Amino acid sequence: MSGIVFEGVSHDFGAERVVEDVSLDLRERRVGIVGANGSGKSTLARMINGLVAPTAGRVLVDGLDVSREARAVRRRVGFVFTNADNQIVMPTVREDVAFTLRRHRLDRADAATRVDAALARFGLTELADRPAHRLSGGQKQLLALASVLVAEPGIVVADEPTTLLDARNARRIARYFADLDQQLVVVSHQLELLEDFDRVIVMEHGRVVADDVPGVALEAYRTLIS
Amino acid sequence: MIGVFHPGTSVVHRAPALLKLALLAAFVTATALVVSLPWLGAASVVVALLFLVARVPARAALRQIVPILWLLAFAMPVQVLFGGWEAAGVMALRLVIAVALAAVYTLTTPVSATLDAMQTLLRPLRRWIDADRVGLALALAIRCVPLLADLVREVMEARKARGSEGSLLSLAVPVIVRSLRTAEHLGEALTARGFDD
């Protein structure tokens with residue numbers, strides 16, 4: 001069974017409850033999560049690959065319990081962070097993409113082919129030998145995406161992937177997201193990014209307050225914040 | 001070591017990192033043992049030739065070597081005073097040769113090649129040392145230098161904007177707090193990429 005299932009999930013940060021009894025069954029190809037700062041949406045996203053463990057309830061990815069089989073789950077779930085700077089590990093562009101494959105123990109030629117393909121797909125071929133820290137913000141996020149997708153995960157989760165980008169780069173990243181074959185879960189404040197998604201979930205104070213097609217859910221969110 | 005790698009296709013670039021490291025060690029040791037100025041002079045010619053073969057732009061090469069000249073500007077007079085001209089010359093040449101050779105290495109070798117070489121070297125010790133982990137730690141250390149430099153620059157700017165320059169505390173506290181947060185985020189990213197053991 002494929003998909004992401006939350007079963008009565010809660011999470012506390014110390015005494016503060018940030019996610020409160022959330023039950024969801026995410027099977028749509030593209031799911032958006034919106035909510036104010038501190039609404040628990042990032043925590044929810046982080047629970048999908050076990051970066052945050054639920055205090056109560058459980059999260060299943062493709063039928064695997066995330067708390068028990070975190071490693072198997074992470075192999076299926078690629079995670080894109082808000083700040084690509086924190087995601088880039090290796091000094092140059094190509095090395096960072098190749099780094100993801102280190103744990104896959106592919107032979108050298110195979111790995112190189114996949115790295116080259118990922119670089120080409122995100123328009124990074126020319127920048128392959130550049131130091132990663134000298135890239136622009138948009139290029140860094142493209143690199144982060146390439147490094148995640150080179151592993152060919154079945155699910156991609158992105159936590160505000162366009163928040164730090166200018167409008168043009170945000171659109172560019174959005175286009176790449178639109179082209180993905182993977183199941184996609186995107187947390188975002190940029191509502192236009194989610195307009196053509198299949199389903200949008202609105203979080204408020206740790207609870208799901210709306211869960212519908214984008215037209216309805218985003219309208220509910222706009223009313224909520226106005 | 002950061003961002004100084006200069007891509008190329010010369011023999012020096014293509015030589016395996018391990019071989020280059022071994023030659024680097026041997027050459028530097030040899031120059032440390034040689035005491036005659038003519039021999040050291042010949043060695044500097046060899047090093048200069050290496051730069052030419054690798055086709056490293058002069059500016060990139062100089063940027064690596066100039067800092068050591070500053071050090072020599074202070075050390076030379078002292079050495080002349082205590083050991084005479086010849087001893088001072090030998091010391092200076094040795095240092096410049098060693099630094100220049102190391103520069104040839106870093107300019108022509110991508111960091112990942114160095115990491116692979118390190119892991120090969122550590123393989124005989126694998127019962128005691130996890131080479132992958134050492135390699136990852138090294139890569140992260142290298143990666144964190146520009147990250148930290150950016151962080152310090154941002155904090156200095158913020159300090160300037162608020163007019164609280166000069167206070168060491170107002171620099172140290174935010175830099176330390178933000179470094180720790182960055183470390184946490186990097187850890188999260190590593191976990192997400194499957195490097196969580």
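Colleague: How many residues of chain B are in contact with chain A?

Modeller: In this predicted model, 25 residues of chain B are in contact with 23 residues of chain A. Contact means that the C-beta atoms of two residues, placed from the backbone, lie within 7 Å.

Colleague: Which elements of chain B give two or more residues to that side?

Modeller: They are α5 (111-122), α6 (131-161) and α7 (169-192) of chain B. The biggest giver is α7(B), with 8 residues. Helices here are DSSP runs of H or I with at least four residues, strands are runs of E with at least two, and both are numbered from the N terminus.

Colleague: And what classes do the residues on that side of chain B divide into?

Modeller: There are 15 nonpolar, 6 polar and 4 charged. Ala, Val, Leu, Ile, Met, Phe, Trp, Tyr, Cys and Pro count as nonpolar, Asp, Glu, Lys and Arg as charged, and the others, Gly among them, as polar.

Colleague: What are the scores, and the numbering rules?

Modeller: The model has ipTM 0.80 and pTM 0.77. Residues are numbered from 1 along each chain as its sequence is written, while chains are lettered from A and ligands numbered from 1 in the order in which they are written. As this is a predicted model, local features need pLDDT of at least 70 and side-chain atom pairs count only at pLDDT 80 or more, whereas totals for chains, interfaces and linings use all residues.

Colleague: Back to chain B. How many helices and strands does it have?

Modeller: Chain B has 7 helices and 0 strands. Its radius of gyration is 21 Å, well over the 16 Å from the globule rule for 197 residues, so chain B is more spread out than a compact globule. The radius is taken over C-alpha atoms, and the rule is 2.2 Å times the number of residues to the power 0.38.

Colleague: How much of chain B is buried?

Modeller: Buried residues make up 15% of its 197 residues. A residue is buried with 20 or more other C-beta atoms within 10 Å of its own, exposed with 12 or fewer, and partly exposed in between, with C-beta atoms placed from the backbone.

Colleague: At what angle do α2 and α4 of chain B cross?

Modeller: The axes of α2 (residues 17-33) and α4 (residues 58-108) of chain B cross at roughly 175 degrees and come within 10 Å. That makes α2(B) roughly antiparallel to α4(B), a label for angles over 145 degrees. The contact includes B:Leu24 and B:Phe27 of α2(B) and B:Ile97 and B:Leu101 of α4(B). By class it has 9 nonpolar, 1 polar and 2 charged residues.

Colleague: Over to chain A. How many residues of α3 are buried?

Modeller: In α3 (residues 93-101) of chain A, 8 of the 9 residues are buried, among them A:Arg94, A:Glu95 and A:Asp96. The buried residues pack against α4 (108-121) and α5 (137-149) of chain A, together with α5 of chain B.

Colleague: Where is A:Glu160, and is it buried or exposed?

Modeller: A:Glu160 is in the loop between β7 (155-159) and α6 (167-179) of chain A. A:Glu160 is buried, with 20 other C-beta atoms within 10 Å. Its phi is near 45 degrees, a positive value in a residue other than glycine.

Key. Axes fitted to C-alpha atoms, helices over the stretch in contact; angles between N-to-C directions. Parallel < 35°, antiparallel > 145°, perpendicular 65-115°, else oblique.
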